[in-house]
Amino acid sequence: MVRTVGDIVSEYSLRSCVRCGICDSVCPSGRNGGIYPESVLFSMLTADPSSDMPELRSAVWKCLMCHRCTMACPEGLDVTGAIRAMRYDSVSSGEPPKRFKMASDTLTECGRTFPVNDKVRQKREELGLNDIKEDAAAINELRIIMSRTGFLHE
């Protein structure tokens, strides 16, 4: 179920934000062209509570999920949790960024987030690493776990 912005604001008590900017000052994403936590919170607080804010759901993927904003918040807000909720809803509504969808599909297919191709095999050989073996039973167990936890939609 995709939550509205109002649901997330309530769930994470975001109305307690005092707009001090401390979260922004510790955020590596904002310093490097990503997003600023305070801007995300402000957007959520000023949006129509019934909105699902698709533009914000795409922006939250620029967050590094380092939790620095949450650790620094003087009000004890779980800023990272609110951003994670937006990400979760983005995935639930079928709108994750393409790179995450590709990694998810590869994980489901072969049990890893990257495919093993000739280039990977060659590099592993150069580094003196063993070849990666497929384990069909382990991949099947992973698919069961993914299905039961809602990660894999069949």
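What pattern does the chain follow when read along the sequence? Read in that direction, it runs α-α-α-α-α-α-α-α-α-α, with helices taken as DSSP runs of H or I of at least four residues, strands as E runs of at least two, and both numbered from the N terminus.

## Basis of the model

This is a predicted model, in which local features need pLDDT of at least 70 and side-chain atom pairs count only at pLDDT 80 or more, while totals for chains, interfaces and linings use all residues. Residues are numbered from 1 along each chain as its sequence is written, and side-chain values use heavy atoms, with hydrogens and water left out.

## Overall form

The secondary structure comes to 10 helices and 0 strands. The radius of gyration of the chain is 19 Å, well over the 15 Å that the globule rule gives for 154 residues, so the chain is more spread out than a compact globule; here the radius is taken over C-alpha atoms, and the rule is 2.2 Å times the number of residues to the power 0.38. Along its principal axes, the C-alpha trace spans about 55 × 35 × 25 Å.

Of the 154 residues, 35% count as buried, where buried means under 20% relative accessible area, exposed over 50%, and partly exposed in between, with a 1.4 Å probe and protein chains only. The chain exposes about 9,600 Å², of which carbon and sulfur atoms supply 53%. Among contacts (heavy atoms within 4.5 Å) between residues at least 6 apart in sequence, 63% join residues at least 24 apart.

## The nonpolar core

In soluble globular proteins, nonpolar side chains tend to be buried together. In this model the largest nonpolar core has 27 residues, and those with the most contacts inside it are Leu14 and Met44; such a core is a set of buried Ala, Val, Leu, Ile, Met, Phe, Trp, Tyr and Cys residues joined through side-chain atoms within 4.5 Å. The elements that give two or more residues to this core are helix H1 (5–11), helix H4 (37–46) and helix H7 (79–92), and the largest share, 5 residues, comes from H7.

When residues up to four places away in sequence are not counted, Leu14 touches Ile8, Val9, Leu41, Met44, Leu45, Leu77 and Ala82.

## Cys23 and its surroundings

Cys23 has its place in helix H2 (residues 22–25) and is buried, with a relative accessible area of 9%. Leaving aside residues up to four places away in sequence, Cys23 touches Pro37, Glu38 and Cys69. Cys23 and Val79 are 56 residues apart in sequence, and their C-alpha atoms are 8.5 Å apart in space.

## Loop residues

Ser13 lies in the loop between H1 and H2 and is partly exposed, with a relative accessible area of 41%. Met65 is found in the loop between helix H5 (54–59) and helix H6 (68–72).

Asp135 lies in the loop between helix H9 (118–126) and helix H10 (136–148) and, at 43% relative accessibility, counts as partly exposed. Asp135 and Glu38 are 97 residues apart in sequence and 45 Å apart in space, C-alpha to C-alpha.

Conventions
Areas by Shrake-Rupley, 256 points an atom, 1.4 Å probe, with all protein chains shown as cover.
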